[in-house]
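Reader: I would like to go through this model by question and answer. Please give the cut-offs as the terms come up.

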Amino acid sequence: MPRETRKNQLEDDLTIASRASLPEIPVDDSAHPATISRSTLNAPWLLQQHFGGKIDLAVELANRYPTLPLITLIKAYGSKAAYQPAVAALSAPDGTATVLVEALPNSYQFQLAYTLGSMLTFRFRLHDLTAVDCAHWLQLIHREQDGVAFLWGQSRWEKDYLICTIRRQFASLYAFSPNGFEAGIRLTHEVKGELHDWLASIWNPDTASTGTTPNLLTW
């Protein structure tokens, strides 16, 4: 093999290896596990099993968190200035569990703070989302049929991410961090709908009044 050809092949191999460090996994529905186009060896064990079609992700999460607090109240507030986040406060009737959602206008950055009993708070930051990521997630959680919706950026599980599971009685919103902590709540469908509309008004203000989200799906 000529030396120049061998050199080019080695460079191509290095390029392919570097690309494999950031998986690109389209996720549509828990009933149809995603086609894995990149290595998932570094994914959490739970996701490895899901992508391999070995578990029902919604059932597995429900078994791990059998008594999640039920969120029935939501109060949403708009942003007072362009540099200040809009805020939505979700809470259980007795106030023992709350989630504070903060979203910056004209941006796809937002944070969630899960608080238990005014004592312990876990904060999750999603700062690498795109318009497609957000529109895809909004479309999926807006459905009434059972399903699973992931919200994460290009780095997937390597940064904080959300999983929303939808069932006939309620929806569950789980947050995960690569730092080793996670949290979850149950939402009534009314609260889920209000959270959807509030986020749509921030992420897609031009379409918020119609109650729809733009069809930006590319997978």
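Reader: Is Leu120 buried, partly exposed or exposed?
Author: The model is predicted, so local features need pLDDT of at least 70 and side-chain atom pairs count only at pLDDT 80 or more, while totals for chains, interfaces and linings use all residues. Residues are numbered from 1 along each chain as its sequence is written, and side-chain values use heavy atoms, leaving out hydrogens and water. Buried means under 20% relative accessible area, exposed over 50%, and partly exposed in between (1.4 Å probe, protein chains only). Because its relative accessibility is 41%, Leu120 counts as partly exposed.

Reader: In which strand is Leu120?
Author: Strands are DSSP runs of E with at least two residues, and helices are runs of H or I with at least four, numbered from the N terminus. The chain has five helices and 10 strands. The one that holds Leu120 spans residues 120-126 and is strand S6.

Reader: Is Thr165 buried or exposed?
Author: Thr165 lies in strand S8, residues 161-166. Because its relative accessible area is 4%, Thr165 is buried.

Reader: Which residues does Thr165 touch, not counting residues up to four places away in sequence?
Author: A contact means heavy atoms within 4.5 Å. With residues up to four places away in sequence not counted, Thr165 touches Ala58, Leu61, Gly147, Val148, Phe170, Ala171, Ser172 and Tyr174.

Reader: Of the contacts in the chain between residues at least 6 apart in sequence, what percentage join residues at least 24 apart?
Author: The chain has 219 residues, of which 40% count as buried. For contacts between residues at least 6 apart in sequence, the share that joins residues at least 24 apart is 43%.
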